[in-house]
Amino acid sequence: MVHALNEIRRVLVAGGILIDLRPVLDKWPIEVASKGENREVGRATDLPEPLADDEAANQAMAETSQKGWLLREHEQVFPFFYYWDTPKEMQEYLDETWDDVIRIEEDLWHRLSSLWATADADALVRIRLKMSIATWRKVNFD
Amino acid sequence: MSVQIDPERTEIKYLRRSADFTGRRVLEIGCGDGRLTWRYAKSAKRVTGIDLLGDDLRVATIDRPSDLEQKVRFARADSIHMPFAKESFDIAILAWSF
């Protein structure tokens, strides 16, 4: 990762900006969303390997800063939603694409289906990701 | 299976707060199918998206709006050995990468 950051630094102009935009595992909430209200049903379980990846990415950025390659200017977190029409569609999507990132316990799927079935007709199901966006500036020396 | 990803467009709001893309040469690392690219590319001078996944890059190329054909290019490359000259970009985006 540090090698990649050094390569990014190479292709950036002096004073150029690196924007590090990525989801951060944090037991993402699973919710039923309708115009009237949003209700959290439970939280996803973070899997160990991607958690370690998050930590490794943070360490790589810190090392880059210590080397004086890039200076951190700004960091924020914000919510980012994926929506599905039904719990079944959500489950199929997550099983297909995120089965190596998070796990949803069977009990949570049951509670989500029950709550969604009794919610307003326009109700959707969603997962709320925690996103991090950090801005780094290339230090002006070589 | 239908999924709506960030219909609130929160991501682009935060991205635009982080940098002014107007007239800038942008490198997007991990561009995937271009979902994020289309949201800021119009204001940039030039956008180069790279990814390791050829299937996603094919989707991005097919989906590229006609008014962005001259401005947005995609390449299959990794972030450790990028086929670009030194100091080619004003902004680099690590997009859901690492």
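My notes on the contact side and the strands follow.

**Ground rules.** I'm working from a predicted model, where local features need pLDDT of at least 70, side-chain atom pairs count only at pLDDT 80 or more, and totals for chains, interfaces and linings use all residues. Residues are numbered from 1 along each chain as its sequence is written, while chains are lettered from A and ligands numbered from 1 in the order in which they are written.

**Entry 1, the contact side.** I looked up contacts (C-beta atoms, placed from the backbone, within 7 Å). I found 35 residues of chain A in contact with 32 residues of chain B. On chain A, the elements that each supply at least two residues to this side are α1 (2-11), β1 (12-24), α2 (48-66), β5 (70-84), α3 (87-97) and β7 (124-138). Helices here are DSSP runs of H or I with at least four residues, strands are runs of E with at least two, and both are numbered from the N terminus. β1(A) gives the largest share, 10 residues. By class, I get 22 nonpolar, five polar and eight charged residues on the chain A side. Nonpolar means Ala, Val, Leu, Ile, Met, Phe, Trp, Tyr, Cys and Pro, charged means Asp, Glu, Lys and Arg, and the others, Gly among them, are polar.

**Entry 2, strands across the chains.** Next I checked pairing (at least two DSSP bridges between two strands). β1(A) runs parallel to β5(B), residues 89-95, and six bridges join β1(A) to β5(B). In that pair, L12(A) sits opposite F89(B). β5(A) pairs antiparallel with β1(B), residues 3-5, over three bridges. There I see Y83(A) opposite Q4(B).

Between β3(B) and β4(B) the chain passes through α3(B), residues 54-63, in a right-handed β-α-β crossover. Right-handed means that, with the strands pointing away from the viewer, the path from the first strand over the helix to the second runs clockwise.

Which residues of β5(B) are buried? Seven of the seven are, so β5(B) is largely enclosed by the rest of the structure. In β3(B), residues 46-51, five of six are buried. I call a residue buried if 20 or more other C-beta atoms, placed from the backbone, lie within 10 Å of its own.

Notes: Contact = placed C-beta atoms within 7 Å. Buried ≥ 20, exposed ≤ 12 C-beta atoms within 10 Å, placed from the backbone.
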